[in-house]
Amino acid sequence: MGCGNTKPNQLQLKKSERGNLSVPAMRSALLIQRWYRQYVARLEMRRRCTWNIFQSIEYAGEQDQIKLYNFFAYLMDHFTPASSERNLISHIFRDNDLLRDIEWERYFNYKNIEIPDDYCGPHLTFPLTTCIVTELVEAFRNKQQLHSRYVLQLLGETWKLLRLLPNINHVSTCHSKEITICGDLHGHLEDLLLIFYKNGLPSMETSYVFNGDYVDRGKNSIEILLILFAFLLLYPNDVYLNRGNHEDHMVNLRYGFTKEVLGKYRLHGKKILKLLQKIFSWLPLATVIDQKVLIVHGGISDTTDLSIIAKMDRHRYVSSLKPPKHRRFLAKSKVCDDDSDVEDAGAVGSVERRRVFSLTHSSPSASLHRSMQQRRSLQSSSGVEEELQEQRRQAGLSVEHQSVCSETELTQAVEADAEEWKQLVDLLWSDPMTLDGCVPNEVRGGGCYWGPDVTEDVLNRHHLHLLIRSHECKQEGYEFCHSRRVLTIFSASNYYEEGSNRGAYIRLGPDLIPHVIQYQATRTTRDLTLRQSVGRTERSALRALREQFFAHKSDLMSVFQQYDPDNTGLISLKDWAVAMETVLHLALPWRVLRSQLVNSTQDGMLDYHSWFRELDITEPNKELAHTNVLETLYKHHSNLETIFRIIDTDNSGLISFEEFRQTWKLLSSHLKMEISDEAIVDLAHSIDFNHDGSIDINEFMEAFRLVDSTHHDMGNSMIKAPS
């Protein structure tokens with residue numbers, strides 16, 4: 001596949017040839033062979049270090065996302081309904097199912113959207129035909145855009161179909177039929193098109209299972225969704241879609257899908273995103289092939305029970321990051337006239353909104369006890385309990401007995417919801433590990449790490465032979481573990497950087513033996529040698545790591561100075577490595593990486609002031625006086641953009657100065673730090689180029705994005721070069 005590496009056995013000499021060689025020639029051949037093996041081993045070590053950098057930064061971002069959401073949940077639970085902080089984020093906690101289905105269909109009505117005469121993109125008519133869907137694929141291949149009328153119509157038909165599907169799809173290979181299983185695509189349309197080219201378009205003869213994470217990170221997430229939904233409508237018995245952890249509107253705010261949709265569909269983007277929230281919540285959670293192969297996005301835990309998963313109301317989990325409101329509370333909320341009434345009712349019933357336990361398998365008992373106490377306190381002060389008692393009297397029920405039963409039933413219902421939610425989070429967020437047991441996945445911040453013993457127990461308990469999952473990028477596109485009973489498949493090649501990894505998909509026939517097909521979507525990457533590919537990816541990883549150093553400059557400087565009590569400006573390389581891990585928490589082999597990150601030393605001592613100056617990072621807006629604000633912006637760039645997207649309720653891409661100020665106050669509350677109004681105002685004025693009193697979110701985030709200056713200069717020289 002263009003990796004450029006020669007197989008070791010090609011260097012080995014045949015026995016018949018060895019006899020004709022002299023002793024010096026034999027020694028030379030052995031020396032060459034030994035050198036080559038060492039050369040390949042060094043490249044492999046560099047490749048693994050590069051991989052660890054990318055993965056550590058990615059997982060740290062996911063952990064930040066969950067911490068930010070936990071902070072939002074805390075605000076919703078502990079701040080009064082009228083507080084400004086709570087009002088800023090309350091809309092992301094509203095339950096979309098408060099509207100009846102007929103009201104949803106009226107809200108997403110596409111018929112009044114006119115298609116202009118100059119529209120030259122693909123046209124859709126329903127029911128879809130093979131010809132129409134094929135033309136849609138070709139249109140997207142040629143970078144055309146589907147009109148928003150057709151998008152809403154296609155999404156509406158998909159929603160209607162998904163509501164009829166079970167939580168767990170059961171598929172049969174029959175006698176000769178092969179099933180193709182694809183992993184994460186993450187907006188990489190070129191990978192999906194390459195799979196279709198190599199394996200064939202979905203049809204009654206070519207069945208597909210797509211295992212979640214279709215969106216975010218890549219540039220063509222909406223196109224991938226529309227293609228998959230079109231084939232699902234065309235071949236509902238041959239195309240199966242599982243939900244991934246990125247099929248979640250809260251995750252989409254951070255990782256790019258929300259921004260992509262609003263950029264491509266400025267007029268109707270808000271409706272499209274709202275409908276996609278519904279669709280994501282209705283995606284099935286698992287697929288079982290021939291009663292022997294289980295396919296889920298993330299994984300399992302020691303408590304995974306397919307019978308519970310099969311019976312849960314999956315559409316209640318609009319976001320896997322939060323437990324749903326209790327069913328009884330939802331029924332009561334439906335009588336509210338508007339969203340504000342719903343939010344007020346939510347303040348009374350906060351036990352149903354509270355996180356019963358964290359995403360990392362904490363015990364629910366403490367949270368449940370606090371929630372029950374809070375509920376009783378709020379009810380007694382609001383008069384809700386008195387009203388319920390009066391209704392019980394009118395019904396001829398015993399007030400005391402009914403109150404006890406109600407609380408017991410509520411406790412049982414909350415515990416059942418907690419168990420259901422845990423099952424869902426484990427399916428979408430978990431990862432396998434080599435050791436036995438099941439422990440919280442503290443690296444991602446959600447789900448668990450499960451060991452070979454858990455795999456053995458869960459598969460045997462459900463009479464299964466193999467677990468196929470995705471969720472983790474693998475250098476070769478796939479990886480077996482747990483005695484080959486767990487197979488990870490990842491279909492987005494070049495995920496971190498061009499050349500960083502291959503993509504892969506699986507063909508599974510009646511014998512249920514998985515056949516893995518690998519590929520690389522970019523032709524230029526396929527033509528690189530192994531050394532060129534590793535070098536290119538390594539430079540990208542180190543660039544991302546240097547940006548982390550710069551964003552944490554103050555924290556690193558503080559720790560460096562602790563190791564330099566005499567203020568010499570020098571620390572040992574050992575202390576440098578310890579300081580890096582203390583501040584960044586990336587679990588990287590710093591001593592191995594220091595030769596690539598530290599250019600010069602003085603007798604084994606590092607001048608850390610010079611080291612910072614040598615990072616080659618272009619810092620925008622250097623004239624801004626408030627250094628602490630800038631560093632906070634660099635360090636929490638993604639969190640800030642997430643809050644901006646949440647506050648921009650009309651999805652216009654613009655926020656006012658006051659909303660900008662509230663955003664920073666919300667972030668400072670989350671980070672437990674003080675940021676003055678003066679600093680925020682200066683920051684706002686520095687980016688309001690046209691002085692209209694509003695700030696373009698995209699322009700602001702791009703203006704304060706750290707850039708590696710060497711990479712930037714290289715890019716400029718490439719642009720200036722003649723064609």
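In this predicted model, the end C-alpha atoms of residues 551-586 lie 14 Å apart, and the span is 64% helix and 8% strand. That span is one of the three that UniProt lists, in an unreviewed entry, under "domain: EF-hand"; the others given there are residues 635-670 and 675-710.

**Chain overview**

- The chain contains 31 helices and 20 strands.
- Of its 723 residues, 53% count as buried.
- The accessible surface comes to about 33,100 Å², and carbon and sulfur atoms account for 51% of that area.
- When contacts between residues at least 6 apart in sequence are considered, 74% of them join residues at least 24 apart.

- Strand β5 comprises residues 286-289 and is covered on both faces.
- Ala286 and Val288 are buried on one side of β5, while Thr287 and Ile289 are buried on the other.
- Strand β1, residues 168-171, pairs with β5 in the parallel sense through four bridges.
- Within this pairing, Asn169 has Thr287 of β5 as its bridge partner.
- Strand β6, residues 293-295, runs antiparallel to β5 and is joined to it by three bridges.
- Here the bridge partner of Ile289 is Val293 in β6.
- Three residues lie between the strands in the hairpin of β5 and β6, where Asp290 takes a positive phi near 50 degrees.

- Side chains of opposite charge can pair when their charged atoms come close.
- The count for this model comes to 23 salt bridges.
- One of them links Arg47 with Glu476, with the closest N and O atoms 3.1 Å apart.
- Because Arg47 belongs to helix α2 (residues 23-78) and Glu476 to the loop between β10 (466-469) and β11 (478-481), this pair ties together parts that are 429 residues apart in sequence.
- Arg47 is partly exposed, at a relative accessible area of 21%, and Glu476 is also partly exposed, at 29% relative accessibility.
- Glu476 additionally meets the side chain of Arg502 in a salt bridge, at 3.7 Å from N to O.
- Arg502 lies in the loop between β12 (486-489) and β13 (503-508) and Glu476 in the loop between β10 and β11, so this pair connects parts that are 26 residues apart in sequence.
- Arg502 counts as buried, with a relative accessibility of 13%.

- Arg469 forms a salt bridge with Glu472, the closest N and O atoms being 2.6 Å apart.
- Both residues of that pair, Arg469 and Glu472, are buried.
- Arg469 and Glu472 also belong to a network of salt bridges that includes Glu62, Asp431, Arg444, Lys474 and Glu479.

Key: Residues are numbered from 1 along each chain as its sequence is written. This is a predicted model: local features need pLDDT of at least 70, side-chain atom pairs count only at pLDDT 80 or more; totals for chains, interfaces and linings use all residues. Side-chain values use heavy atoms; hydrogens and water are left out. UniProt positions are given in the numbering used here, feature names are shortened, and annotations may be inferred rather than shown by experiment. Helices (H or I, at least four residues) and strands (E, at least two) are DSSP runs, numbered from the N terminus. Buried means under 20% relative accessible area, exposed over 50%, partly exposed in between (1.4 Å probe, protein chains only). Contact means heavy atoms within 4.5 Å. Accessible areas come from the Shrake-Rupley method with a 1.4 Å probe; for residues, only the protein chains shown count as cover. Two strands pair if DSSP finds at least two bridges between them. A salt bridge is a side-chain nitrogen of Lys or Arg within 4 Å of a carboxyl oxygen of Asp or Glu.
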